[in-house]
Every structure is written in C-alpha cells, then in structure tokens.
Amino acid sequence: MTTVAQTSETSQPSAGGVGASAGSAGAAAPPMLWAEGLTKSYMRTRALNGLSLHVPRGSIYGFVGPNGAGKTTTMRILATLLAPDGGEAYVDGRPLTSNPGGVRSKLGYMPDFFGVYDNLTVSEYLDFYAAAYGVPKAEACRTIPELLELVDLAHKRHDFVEGLSRGMKQRLGLARCLVHNPEVLLLDEPASGMDPRARYEMREIVKELQRLGKTVLVSSHILLELAEMCSHIGIVQGGRLLREGPVNTILQSLRGARAVRIGVMGDERSREAAATVLARQPGVGEVQVVGDDLEAAFTGDDGGTAALLRALVEADIPVLRFAPAANSLEEIFMQLTEADGADGTGGASV
Ligand SMILES: Nc1ncnc2c1ncn2[C@@H]1O[C@H](COP(=O)(O)OP(=O)(O)OP(=O)(O)O)[C@@H](O)[C@H]1O
Ligand SMILES: [Mg+2]
C-alpha cells in the first residue's frame, strides 16, 4: 500500500491568505481544507448561508447535520463540481473557486449517490477512472490491485459492477475516488445503506487512509458513528457551521450538563446508597434510576467526574460501571440543532 500513501513533500501550505490563525479547529499548522463564508442558493432555497470550516491536515473531520443542512452542497463545492454564490475555499492554501483545475488532482470525492456503468468489470471500471484522471498506465496497473485489496474487492475484480451488492458498490466508489492518489478525501455518507459490519469496515478503511497521510472530510447523520472514527467534528445546520473542533473538546463544550451512568452491585438498597452519595457531590443534579443503573445529571469537568467516582468508592459503594450516558451524544446533537430554531431542515427561503 505504498503508492496510495501521500508521498509528496510538496503539501506545505502556500500561504495564499491562509494564515496559521485561520483554523479554529485547534491545529497549529494551516488547515488542509478551509472554507470561509460560503453561500449558495438554488432558486428560492438558500442552502448555504455563510458556511465556514477548517479541516486540519491529516485529520478525519466529521461533518454532521440533519437532512437538508447543506452537507452535500458544501462537499460538491469543495469538490469543485458546484460554484458557490459567494465565499471562497482553499485546498492546501490554493483557492478553489478561482482556480478549480489547480486543486482537482488533490481531491477525491465520493458522492452520496453515484451510478456505475453497465458492462464493465470492477477492474475495468477503475481503469476507466484512472485514465480519466490522467494516471499513467503503469502506475494504474500497480495501484488498482492495491486499492482493490484496501476495499476488500480483490476477489470481485473480474465481476461486472452492476452485479455488486450495494455495500460493495459503496466500497468500489471509495476505491474510485482514490485512483489518482489524492491528498484530501471528501466522502459524502460513505456508509449509507450498509449493514453494521460493513459500516464498521468502512470506518476501519477511513482510519487506514488517515494513517496513509490523507485528510478526510466525511459526512453522516449519525453523530455516534462519526465520534467513533473522527478526530474533529463540525456541526452544520441551516447552511451554517454551528461548532467545530477536536471531537473531545466539542463534546465537552456541548455537555453543559453531562449525564453519568453508574452501575452498582447489589439490589435496590445499594442503588439508594449510591444515589445518596452522588446527591451530596458538587455539580450533581437529578439522579434517576434507568434500567439497572443510576443516571446522574452532572455539570462538572473531567476532574469533577473523577471526584464523583472517588466519592462512591470511598463510601464503599461497589461500582460496576461508571461512564458517560451513552445516549447523551445524540441528545446534545438534537438540543443543539433544535436550539437553532429550525425544524431539522436547512434551506431557508431567500
Ligand atoms: N439541486 C437542488 N435544487 C434545489 N434545491 C436543492 C438542490 N440541492 C439541494 N437543495 C436544497 O438545499 C438544501 C441543502 O441540501 P443538501 O443536499 O446540501 O443537504 P444535506 O445536508 O446534504 O442533506 P441530507 O442529509 O439529506 O443529505 C436543502 O434545502 C435542499 O432541498
Ligand atoms: Mg446530503
């Protein structure tokens, strides 16, 4: 897998107005992908309303938002397939809208829906795209078998593409956007329609691409799925970016009141004893019984969370489980996108 790795030393930012302070995603280096103030309307629908984002070099950046938030529109603009009405984006310091041809070779785009040609085998399909990207024949002959290994389709290379399952077609689509060895990948819901195992495998492939030096922007509706694989997250709603940054920082800043779930050994009495100890700790709000566990609303930081656990142990409570409440991520997402005053869709009328 050496040839699909980013081998070039030329990916240093060429400034072009993208200063080190431009990124708000916490990276010291200038972002690999940067957009500022993107606007786009389709007839009377405003899809993007001044959207900005900063994707650090080498990150997996999860782009999350409800239906109609503007994710696909943003990704199509970043892929140079759609011109914005206003704003600008940069890839590795190079402006995207004023010179799309100059950045295309750096970008690999996997759309949310794509067709496959009939009467082509899997290998021929990738050969065709390699030729379209101007990849020399010898290089394509070396790279394509490696890509097929990466997406686990080597055994299907002589099969016709229309006969592949949906999940296989998705993986072929991913291989297709890698044929020219781009530095930046734009993956629009790459795991949609896949079963849980295939989704897991897609996540592993994306992480492998990051290890190979790629920068990945990946969209999804599923916050938990993105949190599992991403280093950074941007939350989009109504054509604007609401928050972005490293996953942990974002989650922490959103969790004004995080919920901690605690499982204790024993019966009702043990739970009551634990609830009494918890209720005395600073920052603890309501304590509820959820299934066999307790769930405590909590406004403390990481240090406070550690102190909660210590207090339970020091009070001889037999703690079995102690973790953030699993559903709090989705709740945060719902709260945040509802708070923006929208009905879950973007696309305000202009
Ligand atoms: N070709 C189009 N013509 C008219 N309106 C469009 C078009 N494409 C998108 N829109 C509108 O722009 C807004 C943003 O759509 P977009 O597809 O970018 O959202 P999304 O976040 O990708 O949604 P989803 O999660 O459903 O894929 C929506 O209101 C949508 O209806
Ligand atoms: Mg979309």
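Which residue with a positive phi follows α10? Aspartate 316, with phi near 65°. Keep in mind that this is a predicted model.

Stay with α10 for a moment. The helix covers residues 302–314, 13 residues in total. From first C-alpha to last, α10 reaches 18 Å. That is close to the 18 Å expected at 1.5 Å a residue.

Back to phi. Most residues other than glycine have a negative phi.

Take aspartate 92, with phi near 50°. Aspartate 92 sits in the loop between β4 (86–91) and β5 (94–95). Buried or exposed? Buried, because 23 other C-beta atoms lie within 10 Å of aspartate 92, and the cut-off for buried is 20 or more.

Now aspartate 152, with phi near 60°. Its loop runs between α4 and α5, the latter being residues 166–176. Aspartate 152 has 14 C-beta neighbours inside 10 Å, so it counts as partly exposed.

Helix α3 is residues 122–132, and helix α4 is residues 137–150. Their axes are 10 Å apart, at an angle of about 130°. That makes α3 oblique to α4. The crossing is right-handed.

Which residues meet there? From α3, Ser123, Leu126, Asp127 and Ala130. From α4, Ala140, Ile144 and Leu147. By type, this contact has five nonpolar residues, one polar and one charged.

Look at the spacing along each helix. An α-helix has 3.6 residues a turn, so residues three or four places apart point the same way.

Conventions: Residues are numbered from 1 along each chain as its sequence is written. Chains are lettered from A and ligands numbered from 1 in the order in which they are written. This is a predicted model: local features need pLDDT of at least 70, side-chain atom pairs count only at pLDDT 80 or more; totals for chains, interfaces and linings use all residues. Axes are lines fitted to C-alpha atoms, for helices over the stretch in contact, and angles run from 0 to 180 degrees between N-to-C directions. Helices (H or I, at least four residues) and strands (E, at least two) are DSSP runs, numbered from the N terminus. Angles under 35 degrees count as roughly parallel, over 145 as roughly antiparallel, 65 to 115 as roughly perpendicular and the rest as oblique. A crossing is left-handed if the near helix is turned anticlockwise from the far one by less than a right angle, and right-handed if clockwise. Two residues are in contact if their C-beta atoms, placed from the backbone, lie within 7 Å. Ala, Val, Leu, Ile, Met, Phe, Trp, Tyr, Cys and Pro count as nonpolar, Asp, Glu, Lys and Arg as charged, and the others, Gly among them, as polar. The expected span of a helix is 1.5 Å times one less than its number of residues. A residue is buried if 20 or more other C-beta atoms lie within 10 Å of its own, exposed if 12 or fewer, and partly exposed in between; C-beta atoms are placed from the backbone.
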